[in-house]
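Q: I am new to this structure and would like to go through it step by step. Could we start with the sheets and then turn to the helices and loops?

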Amino acid sequence: MTVGLRARGSSATALSPVLKQATPVVAARGQGCYLYDERDREYLDFTAGIGVVSTGHCHPRVVEAAQRQVATLIHGQYTTVMHRPLQNLVRRLGDVLPPNLDSLFFANSGSEAIEAAVRLARQATGRPNIVVFQGGFHGRTLAAATMTTSGPRFSSGIGPLMAGVYSAPFPTAYRYGWSEAEATRFALQELDYLFATATAPNQVAAMVIEPVLGEGGYIPANTEFLTGIAERAREHGILVVLDEVQTGFGRTGAYFGHQHFGVTPDILVMAKGIASGFPISGIAASAELMGRAWPGSQGGTYGANAVACAAALATLDVIEEERLVENARARGQELLDGARKIAADRGIDGDVRGLGLMVGVEFSQDGRPAPHLAARAQAAAAENGLLLLMCGPHMNVVRMIPPLVVTADQISDALGIWNTVVAGL
């Protein structure tokens with residue numbers, strides 16, 4: 001008797017019940033800013049795979065590059081052999097990275113890249129502690145989840161967590177009910193207080209921060225805050241790690257989010273939009289800093305996969321040739337202005353904010369977070385052909401994150417649907 005085998009076609013296996021879809025769509029194909037379900041219904045996709053498909057779904061240049069590479073070399077493990085797509089990508093990234101960040105290490109996911117950055121910071125400084133900022137999301141692996149404060153669901157039930165992580169305030173002006181200047185002064189004062197009470201600065205290897213909070217609610221940082229962090233880092237020999245997983249490669253209307261604020265990181269973390277949907281991530285640092293990593297501390301089986309590198313090269317070419325950074329800046333302003341007008345016209349109790357093509361609409365009711373309104377709005381938008389996601393510690397923020405190829409007409413169409421949705425709440 002054969003044990004443990006089922007007839008072909010059995011439906012006994014299924015995805016984990018913990019996995020929840022944000023929309024009911026079963027995607028069959030994608031093109032540009034649109035997804036199509038199995039009945040060929042069209043949806044305007046303002047999720048972009050959570051900011052991944054930067055050049056839109058199935059951009060012809062990316063498709064051609066990936067198809068060509070699949071036919072020649074799919075996987076060349078880059079600590080075993082070298083391959084040309086990786087060498088070309090390293091050179092190409094030199095055109096867009098800050099000049100001081102001239103050494104690269106590649107992995108597969110944002111979480112892996114964050115952990116690589118922490119490993120490098122600790123080894124390079126000989127210090128144990130990491131400072132993160134409230135509302136930040138850095139990933140789901142153990143160290144990255146420990147550093148994540150955008151919601152307890154990412155770290156609950158897996159303790160004990162990594163030691164040596166301390167959290168300081170982010171200037172979330174709307175939550176505090178203050179001006180941005182007041183919230184910034186408070187956040188920097190509390191960072192100084194953390195150094196005076198919780199961890200001596202000479203024990204801190206790095207401060208890790210997103211230029212725009214992602215899962216934390218689409219809240220941009222500001223120049224005074226990031227400059228204040230950089231000044232304290234220089235004073236105390238602390239490394240600045242900027243998590244640009246979601247804000248990189250044109251998403252905010254600058255090539256990298258930190259460029260809005262006049263600071264340069266010691267370590268930059270990248271992923272998501274670099275390869276239009278193919279899995280690749282990495283960290284960039286100076287050659288001197290990267291050289292302080294301990295031998296054998298960097299590696300991995302699938303990092304810098306040849307097909308992903310080819311897709312990344314095509315993505316960088318499309319971003320440059322189609323002027324997608326400039327498009328993100330212009331279309332993002334249209335999206336932000338339109339969403340703010342709808343909020344004012346429809347009397348939304350909350351906040352509308354963003355930077356480039358990262359726009360969040362926060363729903364409140366009687367001064368308290370209103371996740372039920374955000375959920376209703378997001379679901380109604382999907383029913384009307386517009387795919388959106390939610391975020392924020394209370395899941396009361398609807399986020400709009402279209403591909404960088406989005407047009408003014410598509411922004412207008414999305415805002416039309418959004419206006420109808422909000423009017424019906």
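Q: What is the order of the seven strands in the open sheet?
A: The order is β4-β12-β11-β10-β7-β5-β6, and the pairing is mixed. Please keep in mind that this is a predicted model.

Q: Which strands are at the edges?
A: The edge strands are β4 (103-107) and β6, each of which pairs on one side only. From one strand to the next, the twist averages 20 degrees.

Q: How many bridges join β4 to β12?
A: There are five, and the two strands run antiparallel.

Q: Let me follow up on β5. Is it mostly covered or exposed?
A: Strand β5 (residues 129-133) is mostly covered, with five of its five residues buried.

Q: Which way do its residues point?
A: N129, V131 and F133 point one way from β5, while I130 and V132 point the other way, and all are buried. In a regular strand, side chains alternate between the two faces of the sheet.

Q: And what are the pairings of β5 with β7 and β6?
A: β5 pairs with strand β7 (residues 204-209) in the parallel sense over three bridges; in β7, M207 is the bridge partner of V131. β5 also pairs with β6 in the parallel sense, over four bridges, and S167 in β6 is the bridge partner of V132.

Q: Back to α8. How do α7 and α8 cross?
A: The axes of helix α7 (residues 180-197) and helix α8 (residues 223-236) come within 9 Å and cross at roughly 20 degrees. Angles under 35 degrees count as roughly parallel, so α7 is roughly parallel to α8. The crossing of α7 past α8 is right-handed.

Q: Which residues make the contact?
A: From α7 the contact is made by T184, R185, A187, L188, L191 and D192, and from α8 by E224, F225, G228, I229 and R232. These residues divide into five nonpolar, two polar and four charged.

Q: Changing topic, what is the order of the open sheet of four strands?
A: That sheet has the order β1-β2-β3-β16, with mixed pairing. Its edge strands are β1 (27-31) and β16 (386-387), each pairing on one side only. Four bridges join β1 to strand β2 (residues 34-37), and these two run antiparallel. Y36 in β2 is the bridge partner of R29.

Q: Now the loops. Where is the cis peptide bond?
A: A cis peptide bond joins G159 and P160, with omega about 5 degrees. P160 lies in the loop between α5 (142-146) and β6 (165-168).

Q: What is phi in K272 and in A304?
A: Phi of K272 is near 40 degrees, a positive value in a residue other than glycine. K272 is found in the loop between β11 (267-270) and β12 (281-285). Phi of A304 is near 60 degrees, again positive in a residue other than glycine. A304 lies in the loop between α9 (287-290) and α10 (306-321).

Q: Why is A304 called buried?
A: A304 is called buried because its relative accessible area is 1%, and buried means under 20%. K272, with a relative accessible area of 21%, is partly exposed.

Note on methods:
Residues are numbered from 1 along each chain as its sequence is written. This is a predicted model: local features need pLDDT of at least 70, side-chain atom pairs count only at pLDDT 80 or more; totals for chains, interfaces and linings use all residues. Side-chain values use heavy atoms; hydrogens and water are left out. Buried means under 20% relative accessible area, exposed over 50%, partly exposed in between (1.4 Å probe, protein chains only). Two strands pair if DSSP finds at least two bridges between them. Axes are lines fitted to C-alpha atoms, for helices over the stretch in contact, and angles run from 0 to 180 degrees between N-to-C directions. Angles under 35 degrees count as roughly parallel, over 145 as roughly antiparallel, 65 to 115 as roughly perpendicular and the rest as oblique. A crossing is left-handed if the near helix is turned anticlockwise from the far one by less than a right angle, and right-handed if clockwise. Contact means heavy atoms within 4.5 Å. Ala, Val, Leu, Ile, Met, Phe, Trp, Tyr, Cys and Pro count as nonpolar, Asp, Glu, Lys and Arg as charged, and the others, Gly among them, as polar.
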